[in-house]
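Here is a short briefing to read alongside the model. Take a look at the sequence and structure first, and then walk through the points below.

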Amino acid sequence: FKGVAKIEDKYFASIQEAINAAQTGDEVVLLQDITLTEADCVAGADRNVLVDVAGKDIILDMNEKKISVTHMDEFTNDYIVAVIRVADGAGLTVTGNGTIEVNVLAENPDIAYMFWKRGTTGHLTVLNGTFRMNDAADSMVYTNGNEIVFIKGGNWTLDAYGTRGNREPWIFNVAGAGDNHVLVTGGTFN
């Protein structure tokens, strides 16, 4: 066992440990399929998130690996706001044709977003991959910034798309000023 993720020739026991060690410009490479649970919530984050990118602009090379999240019953503390949060001012580019799969098996979905680009500066750029949620409390991708989320590819599936009274959950949800919150130039969507 060398590690779950690496930066160049340095190995880390978790994806969050690698992200914490990364500097702007680094590429974090996922080395094996992983399963994240409520126990993986990032300590010190201001909301419950499973992976947190803050204070840097990095690349996540999924390396054709899979991140799985399964919610079987009510979480013991507050719900998970995001599987991956990119903090205000931070940047994340996702590549490597990996998969992120979220299965909510509880009656009330307690996972709000797959990706949350928080704030109005920085970026979330998705180049490729497979992204699937069977249900969400809100959306697959949420942002409140303008022109900071770029979807350039990937296969996106939200099984419960538009099934609730206000037509949520959505693939994309945005808030804030501006007209170009999420710029989509590629990909397929349910």
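Trp-156 is buried, at a relative accessible area of 1%, where buried means under 20% relative accessible area, exposed over 50% and partly exposed in between (1.4 Å probe, protein chains only). Please keep in mind that this is a predicted model, in which local features need pLDDT of at least 70, side-chain atom pairs count only at pLDDT 80 or more, and totals for chains, interfaces and linings use all residues. Residues are numbered from 1 along each chain as its sequence is written, and side-chain values use heavy atoms, with hydrogens and water left out.

**Aromatic pairs**

- Trp-156 pairs with Phe-172 in a tilted arrangement, 6.3 Å centre to centre and with 55 degrees between the planes. Rings of Phe, Tyr and Trp (its six-membered ring) count as a pair if their centres lie within 6.5 Å; planes under 30 degrees apart are stacked, over 60 edge-to-face and the rest tilted.
- Because Trp-156 lies in strand β16 (residues 155-158) and Phe-172 in strand β17, the pair ties together parts that are 16 residues apart in sequence.
- Phe-172 is partly exposed, with a relative accessible area of 25%.
- Which residues do ring pairs link into a cluster? They are Phe-115, Phe-131, Trp-156, Phe-172 and Phe-189.
- A search of the whole structure finds eight aromatic pairs. One of them is the tilted pair of Tyr-113 and Trp-116, with 6.1 Å between the centres and 45 degrees between the planes.
- Tyr-113 counts as buried at 12% relative accessibility, and Trp-116 is buried too, with a relative accessible area of 7%.

**Sheets**

- The protein chain has one helix and 19 strands; helices (H or I, at least four residues) and strands (E, at least two) are DSSP runs, numbered from the N terminus.
- Six strands make up an open sheet with parallel pairing, in the order β4-β7-β10-β13-β16-β19. Its edge strands, β4 (34-36) and β19 (188-189), each pair on one side only. Two strands pair if DSSP finds at least two bridges between them.
- β4 is joined to strand β7 (residues 66-71) by three bridges, and the two run parallel. Within β7, Ile-67 is the bridge partner of Ile-34.
- Four bridges pair β5 with strand β8 (residues 80-86) in the parallel sense, and Arg-85 in β8 is the bridge partner of Asp-52.

- His-181 sits in the loop between β17 and β18 (182-184). Is it buried or exposed? At 8% relative accessibility, His-181 counts as buried.
- A polar atom of the His-181 side chain lies 2.8 Å from the backbone oxygen of Gly-145.
- Leaving aside residues up to four places away in sequence, His-181 touches several residues, among them Thr-143, Gly-145, Glu-147, Val-149 and Val-174. Contact here means heavy atoms within 4.5 Å.

**The chain as a whole**

- Of the 190 residues of the protein chain, 53% count as buried.
- Among contacts between residues at least 6 apart in sequence, 78% join residues at least 24 apart.
- The C-alpha atoms fill a box of roughly 50 × 35 × 30 Å, taken along the principal axes.

Methods
Polar contact = N/O pair within 3.5 Å; in protein donor to acceptor, adjacent residues only side chain to side chain.
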